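Good morning, and thank you for making time for this presentation. Please look at the sequence and the structure as they come up, and keep them in view while I speak.

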Amino acid sequence: MSAGEQALAGIPGVPLALRGPAPVRVVAGFGFWLFLLSDVIIFSALFATYSVLSGATADGPSAAELFDKRHVFLETMCLLASSVTCGFGSLAIHRADAPATYFWMGITFLLGACFLTMEGREFASMVAAGAGPSHSAFLSAFFTLVGTHGLHVSLGLVWLLIMLLQLVTLGFQPMVARRFFCFGLFWHALDIVWIGVFTIVYLGAK
Amino acid sequence: MQVRAQGEAPGVHPREQHGARSYLIGLLFAVALTLASFWASTTSFVYAPGVPVLLGTLAIAQMGVHVAFFLHISTAPDQANNFLALAFGVFVTALVVFGSMMIMSHLNHNMMPMDELMKMQR
C-alpha cells in the first residue's frame, strides 16, 4: 500500500472503495467468523431436530431417566475452564511468550481431552445399557447432536496439536499467530454451543 | 490507524486492559450462570412450569457473556461487520429452531391420534 493510500485510510469519512485492502489478519479473522456462524446454523438444525424428537422415545428410556446431572456439570466446567485457559494462551501468543503459550495451550488440550473422555464414557455406558442411537428417534437425535459437538471438540484437539507443532517448528510467525487466533475463536464458539446442549438436552430433560 | 479504518477482526483485544481481566470476569459470570442453571433445574423453589423459561433466560445470558468477554464482540464502530454477521447468524438460528418447533407442534396437534388412524386402516 502506498503512503498516499495509507494516509487516506486513517481519515474518517473516506469511502470504502478508496481505503485499500484490509490487512490479512482482519480478513482471515472475519472469514473464519463467518465460517463459525455457518457452523452454528448447522447446530441449529440439529437442535431443532432434537427438540422435535425429544419425546419420541418408542417406549425406551426417556431423557430424564438417562442423564446424570453431576456428570454433565463436570463436563461443563471442563469446557468452560478450557475456554478461559485458551484465552490466556492467546494472550501469551500476543506477547510472543513461548513458555506461557505451551503451558496454557497444554492445559486447554488436557481439559478438552477430559471432556471428550467423559463424553465417550457416557456414550459407551448408554450403548451398553441398550440405549444406543438405533433404539428410538429421541436417542438418534441425541447422539447426532451431542456427537457432532464431540466431533468438533475432537477436531479442535487435533488442530491444537498441529498448532503446537507449528509453534515448535516455525516459531511466532504472523501466519502461526493468525491460525492460533482462529483456533481460539473456534474453541470459544464450541463452548457457546455446549451451553445450548446442556440447557436443552440435559437440564431441559423431562 | 489503518486497521481501525478497515474494521477489526473478531476476538481481538482492543486494549491491553482487555486481556486477562476480561477472561476472568467472563469466567466469574459464566460459572455463576452455570450454577444458577443447574440449581434451577433441580429446585422446587421456582414454579415448575416457569423453569424452562428461566433455563432459557440463563442460557441466553451465558451465551451473551461468552460472546462479550471471550469472543470480544461488541457494537463498537470497528466491529460493525462482526456484529452484523453475528446478528444474522442469531436470526437464522432462531428461525430454524423456533420455526421447526412451531410447525411440528401444530402438525402434532392437527394429526389424528395414532390409534384412530389404525382403526381407519383396518
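This is a predicted model: local features need pLDDT of at least 70, side-chain atom pairs count only at pLDDT 80 or more; totals for chains, interfaces and linings use all residues.

How many residues does the contact take from chain A, and how many from chain B? Chain A gives 41 residues to the contact, and chain B gives 41 residues.

The largest share comes from α2(A), with 15 residues. Sorted by class, this side of chain A holds 24 nonpolar, 13 polar and four charged residues.

Next, a word on chain B itself. Chain B has five helices and zero strands, and along the sequence its pattern reads α-α-α-α-α. Of the 122 residues in chain B, 22% are buried. Among contacts in chain B with a separation of 6 or more, 61% are between residues 24 or more positions apart.

One helix pair across the two chains deserves attention. How are α4(A) and α2(B) oriented, parallel or antiparallel? Their axes are 10 Å apart and pack at an angle of about 170°. Angles over 145 degrees count as roughly antiparallel, and α4(A) and α2(B) are therefore roughly antiparallel to each other. On the α4(A) side, the residues that meet α2(B) are Lys69(A), Phe73(A), Thr76(A), Leu80(A), Val84(A), Gly87(A), Phe88(A) and Leu91(A). From α2(B), the residues in this contact include Tyr23(B), Leu27(B), Val31(B), Phe38(B) and Thr42(B). The contact of α4(A) with α2(B) comprises eleven nonpolar, five polar and one charged residues by class.

The helix α2(B) also packs within its own chain. The axes of α2(B) and α3(B) come within 9 Å and cross at roughly 170°; α2(B) and α3(B) are therefore roughly antiparallel to each other as well. Among the residues of α2(B) that make this contact are Ile25(B), Phe29(B), Leu33(B) and Ser37(B). Those of α3(B) include Leu54(B), Leu58(B), Gln62(B), Val65(B) and Phe69(B). By class, the contact of α2(B) with α3(B) has 16 nonpolar, seven polar and no charged residues.

I turn now to the interior. In soluble globular proteins, nonpolar side chains tend to be buried together. Which residues touch the most other members of the largest nonpolar core? They are Leu145(A), Leu185(A) and Val201(A), in a core of 65 residues. The elements that each supply at least two residues of this core are α2, α4, α5 (98-128), α6 (137-170) and α7 of chain A, together with α2 (20-42) and α3 (51-70) of chain B. The largest share, 19 residues, comes from α7(A). Leaving out residues up to four places away in sequence, Leu145(A) touches Leu46(A), Phe47(A), Tyr50(A), Val197(A) and Val201(A).

Is Ala56(A) buried or partly exposed? With 13 C-beta neighbours inside 10 Å, Ala56(A) counts as partly exposed. Ala56(A) is 81 residues from Ala137(A) in sequence, yet their C-alpha atoms are 5.7 Å apart in space. Setting aside neighbours within four places in sequence, Ala56(A) is in contact with Ser136(A), Ala137(A) and Phe138(A).

Two further residues belong to this part of the chain. Ala58(A) is in the loop between α2 and α3 of chain A, and its phi is near 50°, a positive value in a residue other than glycine. Ala58(A) has 9 C-beta neighbours inside 10 Å and therefore counts as exposed. Asp59(A) is also found in the loop between α2 and α3. The phi of Asp59(A) is near 65°, again positive in a residue other than glycine. With 7 other C-beta atoms within 10 Å, Asp59(A) is exposed.

Methods. Residues are numbered from 1 along each chain as its sequence is written. Chains are lettered from A and ligands numbered from 1 in the order in which they are written. Two residues are in contact if their C-beta atoms, placed from the backbone, lie within 7 Å. Helices (H or I, at least four residues) and strands (E, at least two) are DSSP runs, numbered from the N terminus. Ala, Val, Leu, Ile, Met, Phe, Trp, Tyr, Cys and Pro count as nonpolar, Asp, Glu, Lys and Arg as charged, and the others, Gly among them, as polar. A nonpolar core is a set of buried Ala, Val, Leu, Ile, Met, Phe, Trp, Tyr and Cys residues joined through C-beta atoms within 7 Å. A residue is buried if 20 or more other C-beta atoms lie within 10 Å of its own, exposed if 12 or fewer, and partly exposed in between; C-beta atoms are placed from the backbone. Axes are lines fitted to C-alpha atoms, for helices over the stretch in contact, and angles run from 0 to 180 degrees between N-to-C directions. Angles under 35 degrees count as roughly parallel, over 145 as roughly antiparallel, 65 to 115 as roughly perpendicular and the rest as oblique.
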